[in-house]
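Colleague: I have the model open and would like to go through some of the terms used for it. Can we start with a single residue?

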Amino acid sequence: MTPTHGSSTPAPTSPPGGDGRGFFHKHLLGIEGLNPLEIGYLLEIADTYVEQNRRANKKKSLLKGMTLINLFFETSTRTRTSFELAGKRLGCDVINMQTDASSIKKGETLLDTAITLNAMHPDILVVRHSESGAVKLLSEKVDGCVINAGDGRHEHPTQALLDALTIRRRKGRIEGLTVAICGDILHSRVARSNIHLLTTMGARVRVVAPPTLLPAAVERLGVEVFHDMRRGLENCDIVMMLRLQQERMRGSYLPSVREFFHFYGLDHAKLSAAKPDALIMHPGPMNRGVEIDTVVADDIHRSAIQEQVEMGVAVRMACLDVLTRKVRETELKNGGAS
Amino acid sequence: MSSAPARPLALINARLIDPTLGYDGPGGVLIADGRMVAVGPQVTAASLPATARIVDCAGKVVAPGLIDSRVFIGEPGFEHKETLASASQAAAAGGVTTIVAMPNTKPVVDSVSLVEYIARRRGDDILVNVVPMAAATKGLDGQEMTEVGLLSAAGAVAFSDGRSAISDANVLWKILRYGRMFDALVVQHAEEPSLSKGVMNAGELATRLGLSSNSPYAELIQIERDIRIVEATGGRLHFAQVTTAKSLDVIRAAKAAGLPITCGVTPPYFALNELAVSDYRTFAKLSPPLRAEQDRLAVVAALQEGLIDVIASGHDPQDPESKRLPFAQAEFGAVGLETLLPVSLELYHNGHLSLLQVIDLLTRRPANLFRLPGGRLAVDAPADLVVFDADVAVRIDADKLKSKSKNTPFDGHPTQGRVMMTVVAGRVVHEG
């Protein structure tokens, strides 16, 4: 299979610097199709922003004068806030559009919205949509760069990058680690992006879920499948939990929340199968008592959940920085922007 | 058609393909008063009346006009997608001389007056024969049988719920049983509805794209159940599109058992596989979904074997507003009238079928199944013919389609074969 839909634009042939390092795609639409060097490069840049964000003066003027539009067709607090903060810390103007309430209800199509916004010359569009492929469709109609902030059950690339950054900072590496991704794999864009990223970076990835919450032929993505959570967690370095959406109870995917928690909820008993220093991750927001026990979630020695949020801002700053580089360099050359 | 030209028309120096006689050889056809008056190797320039318009085919193929047994039109109700006139122009350009119009219009073709409206519709803008398929249930709601007897008498050639399966076992049972009185043909969309809520074929690609998907078992389960209902009732059932290896296996067994079951397929299922929807290409979003490569190969093998009875276009025009959407929100369906012949000819060029076999699947066999007068080259048969160059290379260009809608999954597809002339009831309706 040719993963052409990961990052739609091919990398230009002559990277600046000449050492082949960098990230030269116009958009960030997905992890699938990115190579280990590109991912590593983004993580390296993100690392520098982690340090900056811990200082009192968090602000840089790197993207001064640029406009970022957060275009969310699906409600979100965390991801939207994280991008907003990332944009502001780099000095760009940020506008939030939560459009499920406005034009879409009036029958305006996704492409109409794209064309309308494009006329306002945003430099960066951060887009979330409930349909897989919608962000790619929109990216074909705009001039600025587009970051996928989650499309349906397809991809959520910045989440996978922030998870990778968290893992790398805690464990010193990604390659060779065993990562168990647990819960509703079928409906999860976070799971897909993480599977692509972690397998690309050389981790061993397991998925742990009941058969009704696994997509067809998921093993073809290079993962090992487990239905028994204790066996799936055996000797894992990382336990990555996914949010179970309550509406899944209606689609005959599961008999009850109680039964799901019994077999797939992360508690200390199941966690004991993993390595003693195994890290617990969750993309948030958590359903305590559904996919994760409260005691486990709050265990500061094991849980990296707060750190994931912190890494999120740094990773998004790195993405904004890297994706706008070409435009900024061109303007500098032409003597346009400061 | 309305007015056949008074002057006789002669197609000479052709490669005649007549599936009825199994003839593939040199010859010509002489046409007068809308009918064929002479067919065969003896029709040469020397044998013709002086008044005839003579067309020298220079060795190109002359065959019966194509009979397309699955065409969604849009008139009445969805004229912005396709009208009878625009569909007939597309048909003429594609060498199709008879189209069987599906009942999915607004209002639905479920009453005598609407069947008559389609069946009797004439005019200079209607270039080809249009015959109606009526709804199997009132309003296509899957609940109440339509007036099978009266609708048959009014000209309905078959009964179908179009894009949806007749899913209630009791309803299908009753239709097949009652329909036997009139020897009615029921055309089934073979996908079990509760298992068919996805938007593409289940498998690795759907998982990567994050799209909801249908298992090939959805088709198999519907077909297996329906075969039992046919066994119980004895009614004639035609599965409009059979697209998986497993489904074809059970149809083979049912036919071997002597059940009155037939099946068809449309070109996307033997020319494309699920990879056509990569990059969320909504023009390849079809129902049933495009399948895995091994299923495509099984369809080709079933065509070779003669297991599949007919090839239809499945022409389903959709306007850009219905297709330029996120994949899951886009409509299903593809236009096909103008690509039916060239894409089917791939089966010949790839060595899977003889030219005679390809033409048979597009003419004689649908004519027999739907009991239509065309589909043959014979003296006194209606002069519905196509002249085509089977070899010339043509790249399909969506923008050049005559159909009102351009939603083809074959845009840019290299093919061999171009329609040079289409004749309906002796009237030349297309020259290319």
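Colleague: Where does Ser86(B) lie, and why is Ser86(B) called buried or exposed?

Modeller: Ser86(B) is in helix α1 (residues 84-93) of chain B; helices are DSSP runs of H or I, at least four residues, numbered from the N terminus. Buried means under 20% relative accessible area, exposed over 50%, partly exposed in between (1.4 Å probe, protein chains only). Ser86(B) has 8% relative accessibility, so Ser86(B) counts as buried. This is a predicted model, where local features need pLDDT of at least 70, side-chain atom pairs count only at pLDDT 80 or more, and totals for chains, interfaces and linings use all residues. Residues are numbered from 1 along each chain as its sequence is written, chains are lettered from A and ligands numbered from 1 in the order in which they are written, and side-chain values use heavy atoms, with hydrogens and water left out.

Colleague: What is Ser86(B) in contact with, leaving aside its neighbours within four places in sequence?

Modeller: Contact means heavy atoms within 4.5 Å. With neighbours within four places in sequence left aside, Lys402(B) and Lys404(B) are in contact with Ser86(B).

Colleague: Which residues does Phe270(B) touch, leaving aside its neighbours within four places in sequence?

Modeller: With those neighbours left aside, the contacts of Phe270(B) include Val265(B), Arg296(B), Leu303(B) and Ile311(B).

Colleague: How many residues of each class are in the lining of the largest pocket?

Modeller: That lining has 11 nonpolar, 21 polar and 12 charged residues. Here Ala, Val, Leu, Ile, Met, Phe, Trp, Tyr, Cys and Pro count as nonpolar, Asp, Glu, Lys and Arg as charged, and the others, Gly among them, as polar.

Terms used:
Helices (H or I, at least four residues) and strands (E, at least two) are DSSP runs, numbered from the N terminus.
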